[in-house]
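Open the model in your viewer and keep the selection tool ready. This tour goes stop by stop.

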Amino acid sequence: MEVVADSVDRIETTVLLVDDELNILQALQRLLRRETFRIVTAASGTEALQLLSQLRGVAVILSDMRMPAMNGAEFLKRSREFAPESVRMLLTGYSDISDAVDAVNQGGISRYLSKPWNDTDLLQAVRIAVESYSLSYENKRLQELVSRQNKELQDWNQNLKERVLQQTAAIRQKNEELHNFIKQQKEAFQSLISSFGSLVEMRGARSRQHAANVAKLSVLVAGEMGLAKDDQEIIRTAAMLHDIGEIGLSERITLVSPESLSQDDFVEYSQHPIRAQLLIDPIEELRPAGVLIRHHHEMFNGNGFPDHLAGDEIPLGARIIAYADLMDRAARQCSGNVAEQALQWTDIHVGKALDPALRTLFRKFTKYVYLPPPRFSGGLESGERDVKLDDLEPGMTLARSIYSGSGILLLHVGVTLGAKHIGALRRYFELDPTDEPICILRKGRTTAGVMV
């Protein structure tokens, strides 16, 4: 806060001597010459009043009583108009009591001194009067200064309050902008992940929805295990991209099981987790997921690849993805009660390729992904209906995944549409049209075990 300037300035203290006799004024000046205050003289009441109209800080007015034209009582009375706070003192050689009464009643004097005076008494009286005036003046100055400071403090506090409110509003706006920016970045990042996943699914119908199923199973199990949200997100991302390293491999390798590959083809196939990790490593946010992708083909008994890790040496997220990956591959070869058949098939690999500690969790959640069975083609089932793109509304839930005309996955089954989804689909279909209808669930139906 700024220091407030004095509104009542410190000024030089003045003593005004008034007498029509020059020798009296000179005598008084000699007596007071060693004092710190300034001395001003006047030879009449009229002259003294003119001086008072110009002077400031007149602490004491010492006036003779008997003066021509205007006596001391009259002068002191009129002096109060110009210097109301000055100490007035009367000096006279006459002992007429009526003169003193007039001076007291009219002039407001505080001291009555007689001629001839006692130097010590007069000097002491003037000093006391000057000190009294100075204390009164300083008290007034300080009171006004405090009043000004209090007023400025109130104004400053009010301004501070307004500034705080303005800054709070600005900070809130910035936070909202930052929140929206972060949300947009997250959405853009998720779109990037989905785009990468779509690259893998372009290999054919056999790969469709594989990454989505693996991600869904993995996140359900990770959540049940109490893993942190950030760790669940890393696992979800790794699951969506776990086969991205297979891009570029020939169909001779990708369309058969690893057990059926020749020695040379298996060596090439076993490099795809490493290639996947290298592919996404330039994106710093994806590096933790890259570690899980590298190890999702490790086996619990140590016979996997590429680093032949075993047991707890394999990152937990990689063990979860490995289980979900094998589960979905088994489900794609089953019919009827897909969930139970896939569980029976994966049970054969528990303790060998798969972590036994995960068996109960996958048995709990597999049915939510594979009931009803995975659909890759076919007509409408009860509880589903086809709609046109222009008829989509926020809140509708997809009964089947949506693909572009060239086969790129746009949205997964089970997604509840929002305005942004619908807007994105319009843009995608303008770039890559498709004749496939959009299949949604009727109200009250479920997908992957979740009520709509």
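What follows is a short walk through a predicted model, from a helix pair to a pocket and then a cavity.

**Stop 1: two helices.** Select residues 210-224, which form helix 6, and residues 316-331, which form helix 12. Two packed helices are described by the angle between their axes and the distance between the axes. Here the angle is about 135 degrees, and the axes lie 9 Å apart. Helix 6 and helix 12 are therefore oblique to each other. Their crossing is right-handed.

Now show the side chains at the contact. On helix 6, pick His-210, Asn-213, Val-214, Leu-217, Ser-218, Val-221 and Ala-222. On helix 12, pick Ile-320, Ile-321, Ala-324, Asp-325, Met-327, Asp-328 and Arg-329. Colour this contact by class: eight residues are nonpolar, three polar and three charged.

**Stop 2: the second largest pocket.** Its volume is about 780 Å³. Of its 33 lining residues, Pro-258, Glu-259, His-297, Leu-326 and Arg-329 are the closest to the centre. Which helix gives the largest share of the lining? Helix 12 does, with five residues. Select 263-269 as well: this is helix 9, which supplies at least two lining residues. By class, the lining has 13 nonpolar, 10 polar and 10 charged residues.

**Stop 3: the second largest cavity.** The whole structure holds three cavities of 30 Å³ or more. Select His-295, Glu-298, Phe-300, Ile-314, Ala-318, Arg-319, Ala-322, Ala-353, Leu-354 and Asp-355 to see its lining. Six of these residues are nonpolar, one is polar and three are charged.

Conventions:
Residues numbered from 1 in each chain as written. Predicted model: local features only at pLDDT ≥ 70, side-chain atom pairs only at ≥ 80, totals over all residues. Heavy atoms only, no water. 1 Å grid on protein atoms, 1.4 Å probe; cavity = no way out; pocket = protein on both sides within 12 Å on 5 of 7 lines; lining within 4 Å. Points joined across faces, edges and corners; volume = space filled by probe spheres on them. Nonpolar A, V, L, I, M, F, W, Y, C, P; charged D, E, K, R; others polar. Axes fitted to C-alpha atoms, helices over the stretch in contact; angles between N-to-C directions. Helix = DSSP H or I, 4+ residues; strand = E, 2+ residues; numbered from the N terminus. Parallel < 35°, antiparallel > 145°, perpendicular 65-115°, else oblique. Left-handed = near helix turned anticlockwise from the far one by under 90°. Contact = heavy atoms within 4.5 Å.
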